[in-house]
Amino acid sequence: MPELPEVEAARRALQAHCVGRRIARCAVVDDAKVVVAAAGRAAFERAMVGRTIVAARRKGKNLWLQLDAPPFPSFQFGMAGAIYIKGVPVTNYKRSVVGSEEEWTSKYSKFFAELDDGLEFSFTDKRRFARVRLFDDPETVPPISELGPDALFEPMSVDNFLDSLGRKKIGIKALLLDQSFISGIGNWIADEVLYQSRIHPLQIASSLSRESCEALHQSIQEVVKYAVEVDADLERFPKEWLFHHRWGKKPGKVNGKKIEFITAGGRTTAYVPQFAKTDWSPIQQNDSR
C-alpha cells in the first residue's frame, strides 16, 4: 500500500518532468467507483485539455496537480494507486500490483494524460480503492481538508506531539494510522517507527512516558525523511529495518529477535516482543484478537 514516501516519490517525478507542460490529451476511464466525475467523463477530460501543469502538490497520501486554472485533478492512492510516466523510472512500492514491464498504457489506468512535448503519464489502480476527483481547491474540501499535519512537510514540534499524545486514550498504532492526527503514516511506517522506538503497538498513547514520546517523535522524522530521500526505493532501506521482514505474516527474525503478528488499529501488525515495552493497558487487548 502506498504511504507518504511512495506518494512523495510520485509527486517529485511529476514535478520534475511535467511542470510547465500543457495537457494536450486526457482520458479517464468509465469506472465510477474510482473516477468521481459528477459532470461526466467527457467534461472531466475537457477540463484538463489545454491546461498547463503549474505544480505537483501532496498532503499525506493524497496528490493533486495544480494547473494554470481550476479545476485540479486529485489522486487518492488507496491500496494500490500509482503514477507511471512513460520512459521515466518511478518507484515501485512493496506489493505493487501493476508491473512497469506491462504494455503502455496499462489496462489498469484510470487517468491518462499526454503533454504538449509528447510525454505521457497515467494513474493506475488495479484494486479499485483509489479515487480520482476534480476540485477547484483541493485543500479546502474532504478528504484533504480533514487531514492532520503532513508527516514530512508539517512535522509537529516535540512539545506539541507530547501534548497531543497525552490527550489520546487509544492504542498508539491506531492513533498513528489516523490520518486526522498525522497524515501520511500507513501500516508499514507505523510498525517501523514503533519498532525503532521500542513501543508496543497496543499501548495507550496517553500512557507513554516522555522518553517514549520523544523516541517516537524522532523515529517518525528519521524513517519518513530517509524513505523520501531514497525515493521510497525499498532496496535502499537500511537492512536492519523491520520493513524487510514484516510482510506476509511469515515467521522470522529481525536483528536476531523474533517477530510476532497481532492486530492493532484494525491492521495486521508486526512487532518484536523482546523490544516492545510491556507497560500497555490491558483494555486494549481486545484489539489483538
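User: Over the face of which ring does Arg246 lie?

Analyst: This is a predicted model, in which local features need pLDDT of at least 70 and side-chain atom pairs count only at pLDDT 80 or more, while totals for chains, interfaces and linings use all residues. Residues are numbered from 1 along each chain as its sequence is written, and side-chain values use heavy atoms, with hydrogens and water left out. A charge sits over a ring if NZ of Lys or CZ of Arg is within 6 Å of the ring centre and within 35 degrees of the ring normal. At 4.6 Å from the ring centre, Arg246 lies over the face of Trp247.

User: Are the rings of Trp188 and Phe237 stacked, tilted or edge-to-face?

Analyst: The structure holds 14 aromatic pairs, where rings of Phe, Tyr and Trp (its six-membered ring) pair if their centres lie within 6.5 Å, and planes under 30 degrees apart count as stacked, over 60 as edge-to-face and the rest as tilted. The centres of the Trp188 and Phe237 rings are 5.4 Å apart and their planes stand at 35°, so the pair is tilted.

User: Which parts of the chain does the pair of Trp188 and Phe237 link?

Analyst: Helices (H or I, at least four residues) and strands (E, at least two) are DSSP runs, numbered from the N terminus. Both Trp188 and Phe237 are buried, a term that means under 20% relative accessible area, with exposed over 50% and partly exposed in between (1.4 Å probe, protein chains only). The two residues are 49 residues apart and link distant parts of the chain, namely helix H5 (residues 187-196), which holds Trp188, and, for Phe237, the loop between helix H6 (210-229) and strand S9 (252-254).

User: At what angle do the ring planes of Phe243 and Trp247 stand?

Analyst: Phe243 counts as buried at 2% relative accessibility, and Trp247 counts as buried at 16%. With their ring centres 5.3 Å apart, Phe243 and Trp247 form an edge-to-face pair, because the angle between their planes is 80°.

User: Why do the buried residues of helix H2 line one face of the helix?

Analyst: The buried residues of H2 (residues 41-48) are Phe44, Glu45, Ala47 and Met48. An α-helix has 3.6 residues a turn, so residues three or four places apart point the same way. Taking the directions from the helix axis to the C-beta atoms, the buried residues of H2 line one face because they fall within an arc of 160°.

User: Which strands are included in what covers the buried residues of H2?

Analyst: Contact here means heavy atoms within 4.5 Å. What covers the buried residues of H2 includes strands from several stretches of sequence, given with their residue ranges: S1 (23-28), S3 (62-67), S4 (72-76), S6 (109-115) and S8 (131-135).

User: Which residues does Asp150 contact, leaving aside its neighbours within four places in sequence?

Analyst: Asp150 is found in the loop between S8 and helix H3 (158-166), and with a relative accessible area of 1% it is buried. Once the neighbours within four places in sequence are left aside, Asp150 is in contact with Leu4, Arg58, Lys59, Gly60, Pro155 and Ser183.

User: What is the volume of the largest cavity?

Analyst: On a 1 Å grid over the protein atoms alone, a cavity is a set of points where a 1.4 Å probe fits but cannot get out, and its lining residues have an atom within 4 Å of a point. Grid points are joined across faces, edges and corners, and a volume is the space filled by probe spheres set on the points. By this rule there are three cavities of 30 Å³ or more, and residues lining the largest cavity include Asp150, Pro155, Phe161 and His217. The volume of the largest cavity is about 70 Å³.

User: What is the phi of Ala232?

Analyst: Most residues other than glycine have a negative phi, and most peptide bonds are trans. In the loop between H6 and S9, Asp231 has a positive phi near 55° and is partly exposed at 37% relative accessible area. Ala232 lies in the loop between H6 and S9 and counts as buried at 2% relative accessibility. Although Ala232 is not a glycine, its phi is positive, at about 60°.

User: What is the omega of the peptide bond that joins Pro70 and Pro71?

Analyst: Pro71 is found in the loop between S3 and S4. The bond joining Pro70 and Pro71 is cis, with an omega of about 5°.

How values were computed
On a 1 Å grid over the protein atoms alone, a cavity is a set of points where a 1.4 Å probe fits but cannot get out, and a pocket is an open set with protein on both sides within 12 Å along at least five of seven lines; lining residues have an atom within 4 Å of a point.
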